[in-house]
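Take a look at the chain below.

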Amino acid sequence: QSLIDLARLAEGLDSPYRPLEISQGEGLTASLFVCDDRRSWHRDGGAGSLLFILDGVVIIETGAGRVVANEGELLRLPRGLGHSISAGMRSTVLLFEPGPAASGGPEHLPPGLGPEREILKVNAAAEALRGQPFHWLSLGGCGSHNLDVTRLWGTSAPHVAEDGPLLLVVYRGVMDYQLGEEEGLAVGSQLLLVPAGRPLRLRAE
């Protein structure tokens, strides 16, 4: 299945803070979980992670304080930083973590963008809107994968992922795609899985 409806999956998640794995490849695992206002989830930090808030508002607390993230924002949690996740309302989060074969991959963000023991917050949606269409802005990496954002308008040139699969998250709007011989339509809160070696073309108006 190339297209995954994240919003529909989230509606079916009855247990908060129990990630549902949606994709695992070399160097990267992507999961989906929901938060609620009745409990929190403590994590030891592990190898670090990236959290993209699809819907709602999420609170991350550490020994140094708290960070509040709204939908469309991305959080970088450095490795080994213990934290608790909670929310004042039902919220949906896309979680990216280094996979089992991620050794030797890039750090989460280039050096100098934030202290190693602090959470870094980026408004990924706003950064994409400020950029030119199909100008991919790097927000760092997770495991052996890069994380980029862009605004879609018009038709893209064909792209073939040579080094590994692509995970394309459509945050808002509508996007047509052609993946090899497959054609389809992706809307907000959907994820497109693009295998390595298959040509991809995107279009949005």
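A charge counts as sitting over a ring if NZ of Lys or CZ of Arg is within 6 Å of the ring centre and within 35 degrees of the ring normal. Keep in mind that this is a predicted model. With that rule in hand, turn to Tyr171. Arg172 lies over the face of Tyr171, at 4.1 Å from the ring centre.

Stay with Arg172 for a moment. Its place is in the loop between β16 (166-170) and β17. Leave aside residues up to four places away in sequence, and Arg172 touches Leu54, Glu71, Gly188 and Ser189. Gln190 is 18 residues from Arg172 in sequence. In space, the two are 9.0 Å apart, C-alpha to C-alpha.

One of the contacts of Arg172 is Ser189. Ser189 sits in the loop between β18 (182-187) and β19 (190-194). Ser189 has a relative accessibility of 12%, so it counts as buried. Its backbone deserves a look too. Most residues other than glycine have a negative phi. Ser189 is not a glycine, yet its phi is positive, at about 65°. Phe134 also has a positive phi, near 60°, and is a residue other than glycine. Look for Phe134 in the loop between α2 (124-130) and β12 (137-142).

Now back to β17, the strand of residues 174-179, where Val174 lies.

Next come the aromatic rings. How many aromatic pairs does a search of the whole structure find? It finds three. Take Tyr17 and Trp41. Their ring centres are 6.3 Å apart and their planes stand at 45°. Planes under 30 degrees apart would count as stacked, and planes over 60 as edge-to-face.

Tyr17, Phe33 and Trp41 form one aromatic cluster.

How covered are these rings? Tyr17 is buried. Phe33 is at 0% relative accessibility, so it counts as buried. Trp41 has a relative accessible area of 19%. The cut-off for buried is under 20%, so Trp41 is buried as well. Arg43 lies over the face of Trp41, at 5.0 Å from the ring centre.

From Phe33, step across to Thr92, which touches it. Thr92 is found in strand β10 (residues 91-97). Its relative accessibility is 10%, so Thr92 counts as buried. Beyond residues up to four places away in sequence, the contacts of Thr92 include Ala10, Leu32, Val34, Phe52, Ile53 and Asp55. Leu54 is one of the contacts of Thr92, and Leu54 is also touched by Arg172. That brings the tour back to the residue over the face of Tyr171.

Methods
Residues numbered from 1 in each chain as written. Predicted model: local features only at pLDDT ≥ 70, side-chain atom pairs only at ≥ 80, totals over all residues. Heavy atoms only, no water. Phe/Tyr/Trp six-rings, centres within 6.5 Å; stacked < 30°, edge-to-face > 60°. Buried < 20%, exposed > 50% of the residue type's maximum accessible area, 1.4 Å probe, protein only. Helix = DSSP H or I, 4+ residues; strand = E, 2+ residues; numbered from the N terminus. Contact = heavy atoms within 4.5 Å.
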